[in-house]
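Here is a short briefing on the packing inside one protein model. Please have a look at the sequence and the fold before reading on.

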Amino acid sequence: MKFQQNFSQKQQQTQKLAMTQQLQQSIQVLQYNSEELLAFVENQALENPLLEVVEPDWQPDFQKIKSSNYEGEETNYLNQIPDTSTSLFESLIDQVHLNYRDTFLRKLVLYLVEYIDLNGFLTIDLKEAETNTNASSIEILDALTLIQQLEPAGVGARSLQECLMLQTERDDFAPELAYIILEECFEPLVERKWKEIAQRFSIELSEVQQIFDYIQTLSPSPGRIFDRSSELYIIPDVRVMVDENNQVHVRSNRGNQPDVRFQEHYFNQMQKKADKETQVYLKERKQEFDWLKKTILQRGDTILRVAQSIVAHQQEFFTNKNRPIKPLTLREVAQEIDVHESTVSRAVNGKYLETEFGVFELKKFFTNRIQKSGNMSEEDLSADTAQKRIQELVEEEDKGKPLSDQKIVELLKKDEILISRRTVAKYRDLLGIPSSSKRKRYDN
């Protein structure tokens with residue numbers, strides 16, 4: 001058979017979406033939260049002399065808001081801002097200079113302080129410290145002891161066990177055997193081998209329970225009270241108001257967005273004396289401004305449309321004190337407002353909604369459906385509903401005989417909520433609820 005190869009020329013029209021740099025940036029801008037957007041705009045202003053950025057002076061509309069755990073407790077915004085005027089390192093240095101004389105031992109203390117991390121733990125091995133400072137093991141240990149006497153209690157610890165022991169040692173109200181049990185039976189205590197501890201110290205299980213409860217009040221990271229958080233508050237992108245007729249209204253917080261302005265006067269002055277190269281430069285900078293202004297407006301419009309769709313589906317959350325959340329998916333919102341599902345995902349990630357009873361991330365309102373038994377024509381239940389019911393069952397259980405995951409499955413079935421034991425375990429982990437063996441209490 002003779003092999004033949006024929007070549008021909010054809011014209012074919014195809015339609016493709018070209019991911020230009022500006023399109024990629026527009027997608028990225030939608031994904032930015034309020035702080036990231038401000039940083040991006042300020043960076044654009046550094047590259048464009050014709051662009052002026054006016055930072056938003058955000059103030060909450062509600063003088064007082066309620067916490068987002070639905071407990072109805074009023075909280076003042078200012079009370080939520082931590083006092084972080086001094087870092088842990090600065091505090092330790094001040095205490096060292098105030099309490100200890102200028103000796104070689106103090107120099108060792110100051111050296112070790114440099115190796116205290118933000119949690120308050122010592123990060124350098126004592127043998128390495130000996131080598132680096134030419135000090136004896138006793139001198140290094142003495143220096144560490146002096147650090148461990150400083151505030152906050154627990155600072156300078158080399159392990160979680162030592163951290164808890166240091167706090168217990170300085171607490172006059174600590175249970176009598178708390179320190180010795182932490183020192184000699186830390187692992188059995190954590191692993192809840194309490195019968196072993198009770199037999200060793202000839203005490204009741206209820207006493208071990210009291211010691212365990214006390215230890216849970218201690219801080220595993222004492223240095224974190226000095227943590228300088230760059231985000232003292234969340235800047236919400238939309239606001240939801242409920243009027244006297246129980247009607248829900250959604251408004252965009254455009255005042256919380258950076259305002260970009262064009263330096264028209266400066267532009268006109270430069271254009272009068274500009275050569276061809278400068279005119280091209282000015283034209284490009286003007287186009288950059290127009291694009292940025294349009295992109296920020298589009299970002300705000302998209303977030304508002306997504307929020308309006310969410311609120312329309314979740315009206316009961318804003319009007320019912322029980323705050324129920326109905327099943328809702330990204331796809332449903334995307335189809336409703338005629339955008340791609342990925343656009344909705346970017347629009348809700350890191351974006352927040354402000355109400356009179358708290359501030360919530362938009363993605364909180366998306367939850368999967370759970371099949372409901374009985375009348376299948378009824379609306380399916382949401383995962384949030386199941387999680388709330390699990391929380392209620394655990395709160396109501398006999399702490400001496402906590403409910404197993406299988407028992408929870410059976411109780412949920414009575415409420416016509418059909419989920420597997422594995423799903424119960426997953427929801428329990430999401431809620432921060434320990435397993436039944438770790439929830440068991442030995443109170444009298």
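Rings of Phe, Tyr and Trp (its six-membered ring) pair if their centres lie within 6.5 Å, with planes under 30 degrees apart counted as stacked, over 60 as edge-to-face and the rest as tilted. This is a predicted model, where local features need pLDDT of at least 70, side-chain atom pairs count only at pLDDT 80 or more, and totals for chains, interfaces and linings use all residues. Residues are numbered from 1 along each chain as its sequence is written, and side-chain values use heavy atoms, leaving out hydrogens and water.

**Aromatic pairs**
- The structure holds 12 aromatic pairs.
- The ring centres of Phe357 and Phe360 are 5.6 Å apart and the planes meet at 55 degrees, so this pair is tilted.
- Both Phe357 and Phe360 are buried (under 20% relative accessible area, 1.4 Å probe, protein chains only).
- Phe317, Phe318, Phe357, Phe360 and Phe365 are linked by ring pairs into a cluster.

**Nonpolar cores**
- A nonpolar core is a set of buried Ala, Val, Leu, Ile, Met, Phe, Trp, Tyr and Cys residues joined through side-chain atoms within 4.5 Å.
- The largest one has 27 residues, and those with the most contacts inside it include Val238, Phe318 and Leu362.
- Its largest share, 6 residues, comes from α13 (helices are DSSP runs of H or I, at least four residues, numbered from the N terminus).
- Apart from this core lies another of 24 residues, among them Tyr100, Leu146, Ile147 and Phe226.
- Leu362 touches (heavy atoms within 4.5 Å) residues including Val238, Ile310 and Leu353, not counting residues up to four places away in sequence.

Technical notes. Buried means under 20% relative accessible area, exposed over 50%, partly exposed in between (1.4 Å probe, protein chains only). Helices (H or I, at least four residues) and strands (E, at least two) are DSSP runs, numbered from the N terminus.
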